[in-house]
Amino acid sequence: MNAILIRSGREAAYLTAGLLTSIVAFTVWVTAVSLSLSLALFIVGLPIMIAGAVAFRWVAELDRRNVSFLLGRRVRGRYQDHRADTLFGRLAATFRDPQTWRDFSWLTVHSIVGFAFGTIAVTLIGTVLGLATLPAWYWALPDGAEMGLWSADTLPLAFATALLAIPLAAVTVILLRWMAWTEALLAAGLLGPRRVKSVAR
């Protein structure tokens with residue numbers, strides 16, 4: 001039981017952190033793309049594109065640390081050298097780097113999947129805790145806790161309703177594990193280095 005609680009705690013922490021970084025990811029990629037497209041015809045748009053790629057990398061690094069925490073191994077990105085003597089050279093080097101596009105892909109996916117999974121995780125955990133502690137606070141509601149088919153407005157009903165936290169907790173543990181590892185494996189695939197297959201001669 002302790003092992004399950006510890007594991008679920010790590011998965012819940014990963015999904016909650018992912019919820020926060022998904023908001024950052026959405027803000028960064030939408031802002032970068034909007035500014036880049038609107039200013040692409042002007043010279044000022046070029047450094048904004050480069051700055052956008054740097055921002056992608058910064059946010060992606062947050063998620064690399066997050067997924068490394070869950071997987072128990074370091075996930076590193078493999079970037080090419082973006083240095084160049086001219087602005088156009090720097091821009092070309094940045095956009096030729098596959099990892100830049102993989103970071104952008106992750107940010108767009110994570111802004112949807114991470115937000116959805118994180119919201120579901122926080123809602124499930126809050127519901128389980130609310131049900132489990134219902135006898136301690138049901139009385140604070142004018143008509144008791146409304147459960148749809150009944151209202152827990154007495155102490156016996158509150159205790160009986162609190163028992164629902166047990167099966168809901170079991171479902172929550174399963175969903176937390178599925179969501180966390182689905183998101184983590186997707187993150188590792190996009191944020192980590194590509195596997196190069198060796199060709200036997």
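The following conversation goes through the reasons behind several terms used for this predicted model.

Biologist: Why is helix α4 called roughly antiparallel to helix α7?

Modeller: Helix α4 (residues 98–132) and helix α7 (residues 165–191) pack at an angle of about 170°, with their axes 10 Å apart. Angles over 145 degrees count as roughly antiparallel, and therefore α4 is described as roughly antiparallel to α7. The residues of this contact divide into 21 nonpolar, 8 polar and 3 charged.

Biologist: What makes the pair Glu61 and Arg74 a salt bridge?

Modeller: The rule asks for a side-chain nitrogen of Lys or Arg within 4 Å of a carboxyl oxygen of Asp or Glu, and for Glu61 and Arg74 the N to O distance is 3.8 Å. Glu61 lies in helix α2 (residues 45–71) and Arg74 in the loop between α2 and α3, so the pair ties together parts that are 13 residues apart in sequence. By this rule the count comes to 6 salt bridges.

Biologist: Why are Glu61 and Arg74 both called partly exposed?

Modeller: Buried means under 20% relative accessible area and exposed means over 50%, with partly exposed in between. Glu61 has a relative accessible area of 24% and Arg74 one of 49%, so each of these residues counts as partly exposed.

Biologist: What makes the pair Arg64 and Asp103 a salt bridge, and which parts does the pair tie together?

Modeller: Their side chains meet at 3.0 Å, N to O, which is set against the limit of 4 Å. Arg64 lies in helix α2 and Asp103 in helix α4, so the pair ties together parts that are 39 residues apart in sequence. Both Arg64 and Asp103 are buried.

Biologist: How do you know whether Arg83 and Asp81, which form a salt bridge, are buried, partly exposed or exposed?

Modeller: The closest N and O atoms of Arg83 and Asp81 are 3.0 Å apart. Arg83 has 70% relative accessibility and therefore counts as exposed, the cut-off being over 50%, whereas Asp81, with a relative accessible area of 49%, is partly exposed. Elsewhere, salt bridges that share partners join Glu61, Arg64, Arg74 and Asp103 into one network.

Terms used: Residues are numbered from 1 along each chain as its sequence is written. This is a predicted model: local features need pLDDT of at least 70, side-chain atom pairs count only at pLDDT 80 or more; totals for chains, interfaces and linings use all residues. Side-chain values use heavy atoms; hydrogens and water are left out. Axes are lines fitted to C-alpha atoms, for helices over the stretch in contact, and angles run from 0 to 180 degrees between N-to-C directions. Helices (H or I, at least four residues) and strands (E, at least two) are DSSP runs, numbered from the N terminus. Angles under 35 degrees count as roughly parallel, over 145 as roughly antiparallel, 65 to 115 as roughly perpendicular and the rest as oblique. Ala, Val, Leu, Ile, Met, Phe, Trp, Tyr, Cys and Pro count as nonpolar, Asp, Glu, Lys and Arg as charged, and the others, Gly among them, as polar. Buried means under 20% relative accessible area, exposed over 50%, partly exposed in between (1.4 Å probe, protein chains only).
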